[in-house]
Structures are given as structure tokens and as C-alpha cells.
Amino acid sequence: MDKILIEGGVPLYGEVRISGAKNAALPILASTLLAQGTHKIRNLPRLRDIETFGVLLRQLGVGMEVCGDTARIEVGPRTDHRAPYDLVRTMRASVLVLGPLLARMGRAVVSLPGGCAIGSRPIDQHLKGLEALGARISLRHGYVYARASRLQGTTFCFDIPTVTGTENLLMAASLAKGRTVLQNAACEPEVVQLAEALNRMGARIHGAGTDVITIDGVDYLEPAEHWIEADRIEAGTYMVAAAITCGEILLRDCPHRFMEAPIRKLRECGVQIELESDATVRVSASGRPKAVDVTTQPYPGFPTDMQAQLMALLSLARGTSVIRETVFENRFMHVGELVRMGARIEVQGASAVVKGVSRLAGAPVMATDLRASASLILAGLAAEGVTEILRVYHLDRGYERIEEKLSRLGARIQRVKE
Ligand code: EPZ
């Protein structure tokens with residue numbers, strides 16, 4: 001396994017291009033199962049999760065060739081319908097094949113994803129929604145067995161907004177007979193981008209981006225070409241990198257129109273953020289940030305995927321901040337590691353109280369999940385001395401060539417074999 005070494009205390013300066021969004025790419029890759037023929041997806045980020053999804057698609061009998069940031073995907077008249085545990089356990093997003101397999105093949109056998117570091121993350125809403133569409137579902141030996149001759153449109157209200165739950169049902173309902181109305185749907189930009197991709201394939205979806213989405217089922221879909229929009233969470237992470245090192249970074253291809261809440265919060269901390277053109281943003285900071293309170297919410301609220309990164313910044317704030325995590329029940333795994341670097345953070349239930357300190361000290365730390373890894377990288381960039389981050393495979397799931405991009409910004413960072 002690799003580890004990353006960072007010698008902190010260097011302000012970052014320069015430009016960084018934001019890559020395509022992992023959480024937009026994964027559902028769009030899954031959607032190719034809905035249509036026979038040749039699909040083309042461009043601006044794919046080079047990430048472990050994308051590679052893993054490619055392995056899953058190939059196991060389902062789909063041809064997938066990736067050249068640079070472009071994937072050509074060949075879907076035949078029939079595909080396999082099984083997603084095995086050894087793949088699903090490494091990447092929960094594999095559950096996104098459930099809806100499309102059921103819709104086009106009439107059957108699916110998909111491993112239950114199991115829990116992960118940040119929470120139990122059940123998929124009960126996915127299954128309830130598919131049953132509402134007429135699927136017969138049983139759970140046996142850790143697998144979901146689903147069958148449906150033809151899914152039937154219906155009205156379904158989620159008990160809670162779920163991003164991949166909404167995405168699974170969007171894909172399933174696209175080929176159902178009749179109209180489906182999803183209520184209390186997730187409003188994330190990645191849901192909108194999936195709906196736009198499905199409509200390019202011939203689906204008839206209206207209302208994506210709001211909590212009521214209408215899908216008029218069609219008999220078949222056609223393959224199409226897609227461009228993956230830039231990653232709002234990667235962009236937010238680099239904004240924090242500029243702020244925590246008191247540097248100045250120009251973000252290219254920055255999807256700031258999907259980042260109103262994190263930009264507002266960073267400005268409250270005293271970070272300068274200037275929108276220079278439709279996709280170029282200049283971020284700079286001088287001195288310690290101001291303490292702020294933040295609560296994570298479904299979109300358009302402050303994203304849970306930015307919570308750990310903001311906590312790293314607030315560890316150095318003037319004053320005390322309170323961070324409330326309302327989306328996942330165990331998304332404070334980074335706290336213990338930040339404390340080992342000198343942060344003063346106390347977890348009280350769903351809240352973390354962060355008493356800002358004037359400096360962090362480099363230390364050996366352990367990554368536990370994707371965004372916790374990013375938080376430790378950010379803290380290491382600001383800390384005095386050397387930070388050694390272990391288990392960086394978590395990082396590789398969601399950040400394309402992060403040490404290369406940070407090195408180009410002046411960071412003293414290297415990846416070494418453990
Ligand atoms: C998506 O996960 C993202 N992953 C996550 O990003 C992100 O943190 C999350 O949405 C919230 O924005 C992808 O898009 C691949 P949810 P997802 O279903 O869909 C509960 C990252 O770092 N829930 O919206 O799995 C669930 O336990 C990852 O890139 C149920 O109870 O999240 C959670 O508490 C991490 N039953 C809440 O809803 C269900 O059937 C929101 O989860 C589904 C979800």
C-alpha cells in the first residue's frame with residue numbers, strides 16, 4: 001500500500017483544473033446498461049472507483065475501452081445480471097446497476113453493499129421504490145434478488161432524500177410502462193446530470209433538480225454521448241487548500257454554480273473567492289480563518305462531502321466552530337487523526353466542537369474514508385513538519401492525481417510505497 005508524505009507550511013500558488021465528477025460519472029456509466037449499442041463518455045476522471053465500475057460492467061458482459069478521459073462502451077442485446085459481493089463491497093455505487101438491469105433484463109442479482117466507515121448506509125429506499133414499480137424482491141445470503149417482467153409506472157415518495165436511490169429509480173422508471181412520479185427526490189446536480197443523460201438517450205424525465213421528478217416510461221432507449229461535468233467536491237477541496245495554506249489558487253473548469261453553500265461558508269471564514277469567468281474561480285486567503293458554524297444538508301445545503309475538509313480549515317480558525325453532520329451517522333472518523341496533529345475537537349453526538357489553534361503539527365495519520373483522507377491532506381499542507389498519511393487507497397477513489405496537482409501548486413508532497 002502507498003503512503004503520502006507532506007512537508008507542510010508552504011502557501012500554494014498556481015492553477016489547477018478540476019476533473020470530471022466521480023458521483024456524476026458512476027450513475028451515467030450504470031445508465032449505459034439501459035440501451036444496446038455504442039455509448040461514449042468524455043471527461044471521465046481517472047479514479048479507482050471508475051476503474052472498479054469498468055470491471056463490473058465488463059463482468060456483466062459490456063465492452064468498455066478507456067482512452068485518456070474517454071470511454072467507449074459497447075452494450076449487447078443481453079447482459080449478465082449479477083453484481084458479485086467482491087466488487088460491490090469495494091464500491092457501494094455498484095448498487096446503481098440494480099435499476100438498469102431490472103428495467104432492461106427483467107432481473108438482477110446484486111450484493112447488498114454492507115456498511116462502510118461513515119455509516120450503515122442501507123438501501124431500503126432503493127428496494128422500496130423498485131417494489132413500488134412492481135419488482136419482486138427478496139434478500140437471500142447477502143444478495144438482492146429482483147425480478148420484473150415489465151416495471152409499471154407509479155407514484156413513490158422517498159422516506160428520506162437519497163442520491164443513488166433517486167438515481168436507481170430514475171433509470172428503472174425510464175423503461176417502465178406509464179408515468180412515474182418520484183416525491184422527496186434528491187436534488188443534487190449529479191441527479192440532474194443523470195436525468196439529462198437519460199433524456200439524451202430518449203427518456204422523458206421532467207423536474208430533475210427539484211424534489212418531484214416525473215418520468216414517462218418509453219419502450220427502449222438509444223446509446224448517446226455524454227460529457228461529465230466538473231467535480232464540485234474536488235473543487236471545494238482545492239478551495240480549502242488555498243485557504244488553509246494562505247495561498248492563491250486559480251481553479252479552471254470550476255462548477256461554482258453548484259457550490260453556492262460551500263462558497264458562502266468559506267467567505268464567512270474570510271476566504272476571498274472571486275468568480276472570474278463562467279468556470280474560472282480565484283481563491284486566496286491571508287491569516288487564520290474566522291470560526292463559523294455549519295450544518296451539513298442535502299443539496300443545495302452545505303454538502304456532507306465537504307464537511308471533513310472544512311473541519312481541517314476550522315481547526316486553525318480564530319475562535320470556536322460547531323459542525324453538525326446530519327446526513328451520515330458516523331462521519332467524524334477524521335477527528336481523532338486531526339487531534340493527533342494538535343487540533344482541539346470534541347465530538348458531541350452529531351456535532352463536533354472545534355476550538356481553533358494557531359498551529360498544527362505534522363504526524364503519522366491514518367485515512368479511513370475518502371473525504372477524511374482529503375481532510376488529512378489539507379491539514380498536512382498547513383502543519384509544521386512532516387505528515388505521513390497511510391491507507392491512501394481511500395484517496396485514490398475520489399481524487400485524480402492529487403499529489404501531482406498539489407505538487408504543481410508548490411506543495412512539498414510525495415507518494416511512497418509503504
Ligand atoms: C451519495 O451517496 C454519494 N455517493 C456520497 O458521496 C454522498 O456523501 C451522499 O450521496 C450524500 O450526498 C455517490 O453518489 C456515488 P444517500 P448515497 O443515499 O447515495 C440514508 C463520496 O464521498 N439512506 O443520499 O449512498 C443513508 O444512510 C460519497 O463521494 C437510507 O437510509 O447517499 C444516509 O444517511 C460518500 N436508505 C442518507 O440516507 C437508503 O435506501 C443519505 O444517503 C438510502 C440512503
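Modeller: The residues of the shell around the ligand divide into seven nonpolar, six polar and six charged. Please keep in mind that this is a predicted model. Of the 19 residues around the ligand, those that come nearest are Q125, T162, T164, D305 and V327.

Particular atoms may be considered next. D305 has a polar side-chain atom 2.6 Å from an oxygen atom of the ligand. For N23, the distance from a polar side-chain atom to an oxygen atom of the ligand is 3.0 Å. With V163 the backbone takes this part: one of its polar backbone atoms is 2.9 Å from an oxygen atom of the ligand. How much of the accessible area of the ligand does the protein cover? On its own the ligand has 830 Å² of accessible area, and the protein covers 87% of it.

Which elements give two or more residues to this shell? They are the helices α1 (22-31), α5 (124-132), α6 (163-174) and α12 (370-382). The element that gives the most is α5, with three residues.

Is N43 buried or exposed? Its relative accessible area is 3%, and because this is under the 20% limit, N43 counts as buried. The side chain of N43 has a polar contact of 2.7 Å with the side chain of R17. A polar atom of the N43 side chain also lies 2.7 Å from the backbone oxygen of I228.

Aromatic rings come next. The structure holds one aromatic pair. F156 and F158 form this pair, with 5.0 Å from centre to centre and 80° between the planes. Why is the arrangement called edge-to-face? The angle of 80° is over the 60 degrees required, so the pair is edge-to-face. Both partners are buried: F156 has a relative accessible area of 10%, and F158 has one of 2%. A ring also takes part in another arrangement, in which the charged end of R140 sits over the ring of Y145, 4.0 Å from its centre.

The backbone deserves attention as well. Most residues other than glycine have a negative phi, and most peptide bonds are trans. A cis peptide bond, with omega of about 10°, joins Y299 and P300. P300 lies in the loop between β18 (294-295) and α10 (307-314). C246, although not a glycine, has a positive phi of about 55°. The loop that holds C246 runs between α8 (232-244) and β15 (248-252). With a relative accessible area of 31%, C246 is partly exposed. R391, also a residue other than glycine, has a positive phi near 60°. Its place is in the loop between β23 (386-390) and α13 (393-396). R391 counts as partly exposed, at 36% relative accessibility.

Finally, separation along the chain may be set beside separation in space. I249 lies in strand β15 and is buried, with a relative accessible area of 0%. How far apart are I249 and Y13 in sequence and in space? They are 236 residues apart in sequence, and their C-alpha atoms are 5.3 Å apart in space. V271, in the loop between α9 (260-268) and β16 (272-275), is buried at 5% relative accessibility. The C-alpha atoms of V271 and C246 are separated by 9.1 Å, and these residues are 25 apart along the chain. E74 is in strand β5 (residues 70-75) and is partly exposed, with a relative accessible area of 35%. Between the C-alpha atoms of E74 and N199 there are 19 Å, while the two residues are 125 apart along the chain.

Among the residues that come nearest is D305, whose side chain places a polar atom 2.6 Å from an oxygen atom of the ligand.

Note on methods:
Residues numbered from 1 in each chain as written. Predicted model: local features only at pLDDT ≥ 70, side-chain atom pairs only at ≥ 80, totals over all residues. Heavy atoms only, no water. Phe/Tyr/Trp six-rings, centres within 6.5 Å; stacked < 30°, edge-to-face > 60°. Buried < 20%, exposed > 50% of the residue type's maximum accessible area, 1.4 Å probe, protein only. Lys NZ or Arg CZ within 6 Å of the ring centre and 35° of its normal. Near = heavy atom within 4 Å. Polar contact = N/O pair within 3.5 Å; in protein donor to acceptor, adjacent residues only side chain to side chain. Areas by Shrake-Rupley, 256 points an atom, 1.4 Å probe, with all protein chains shown as cover. Helix = DSSP H or I, 4+ residues; strand = E, 2+ residues; numbered from the N terminus. Nonpolar A, V, L, I, M, F, W, Y, C, P; charged D, E, K, R; others polar.
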